[in-house]
Amino acid sequence: MRFFKHITLAVALLTASTLPLSAKSTQASKAYMFGFSASFNDSIVYFTDIQEVDSVWTNGRSHFLAGRNQYSYQLREYFTTKLGMARRTCVVVSSLKRKDVEKKYAKMKKQYIEKKAGKFDVRFLSAEDFRFEAVDMSDSEQVSQQSVKAKKQKEKKAKDKKSKAKAAPDKKK
């Protein structure tokens, strides 16, 4: 009986490990986020205000912000075009709960203002200076599915070419 339980468990684990893990994006009504920007070339760091952004997309149960790289690119683009500061490292911190973001914001501010006092010139960007725009991630799943299909088609064509190439020398003999 114990052996049967182990076999059943092993089969269940193998089956679960072969299933595709998909993190479906879901749209949330709003999220709270702030941006942080620093550079290795100078000691100036920037914080944006905590902003409420409507219609954000999150990944699965973790509610992790989908397309967060695009939000950080928005901040980076602002520094490049408006302030003439290229090549800055930009980070976006977000959560669906304002309280969580406020804790992270306070912790980062404390780290740069109090703990490393004098090492960094801390500056703040108000919501009037910079504002995050919502990123539409509704097409991202369709795009990823299309790219998977295209990849499979390319692999199939490559296999067909290889099989034709192998068959061609046999005909010559």
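This is a predicted model: local features need pLDDT of at least 70, side-chain atom pairs count only at pLDDT 80 or more; totals for chains, interfaces and linings use all residues.
Reader: In what order do the elements of the chain run from the N terminus on?

Author: The chain holds 4 helices and 6 strands. Read from the N terminus on, the order of these elements is α-β-β-β-β-α-β-α-β-α.

Reader: Which residues of H3 are buried, and which strands do the buried residues of H3 pack against?

Author: Helix H3 covers residues 98-115 and reaches 24 Å from its first C-alpha to its last, close to the 26 Å expected. In an α-helix, residues three or four places apart point the same way, because there are 3.6 residues a turn. The buried residues in H3 are Val-101, Tyr-105, Met-108 and Tyr-112. The strands against which the buried residues of H3 pack are S1 (25-38), S2 (44-48), S5 (89-95) and S6 (121-125).

Reader: Which element gives the largest share of the largest nonpolar core?

Author: The largest nonpolar core has 21 residues, and Met-33, Val-56, Tyr-71, Phe-79, Leu-125 and Phe-132 touch the most other members. Two or more residues of this core come from each of S1, S2, strand S3 (51-59), helix H2 (68-81) and S5. The largest share is 4 residues, and the element that gives it is H2.

Reader: Which residues does Tyr-71 touch, not counting residues up to four places away in sequence?

Author: Tyr-71 is one of the residues that touch the most other members of the largest nonpolar core. With residues up to four places away in sequence not counted, Tyr-71 touches Met-33, Val-53, Val-56, Leu-65, Ala-66, Val-92, Phe-132, Glu-133, Ala-134 and Val-135.

Reader: How many residues are in the second, separate core?

Author: This core includes Phe-34, Ala-38, Ile-50 and Val-93. Its number of residues is 13.

Reader: What percentage of the residues in the chain are buried?

Author: The chain exposes about 13,100 Å², of which carbon and sulfur atoms supply 55%. The chain has 173 residues, and the buried ones make up 27%.

Note on methods:
Residues are numbered from 1 along each chain as its sequence is written. Side-chain values use heavy atoms; hydrogens and water are left out. Buried means under 20% relative accessible area, exposed over 50%, partly exposed in between (1.4 Å probe, protein chains only). Accessible areas come from the Shrake-Rupley method with a 1.4 Å probe; for residues, only the protein chains shown count as cover. The expected span of a helix is 1.5 Å times one less than its number of residues. Contact means heavy atoms within 4.5 Å. A nonpolar core is a set of buried Ala, Val, Leu, Ile, Met, Phe, Trp, Tyr and Cys residues joined through side-chain atoms within 4.5 Å.
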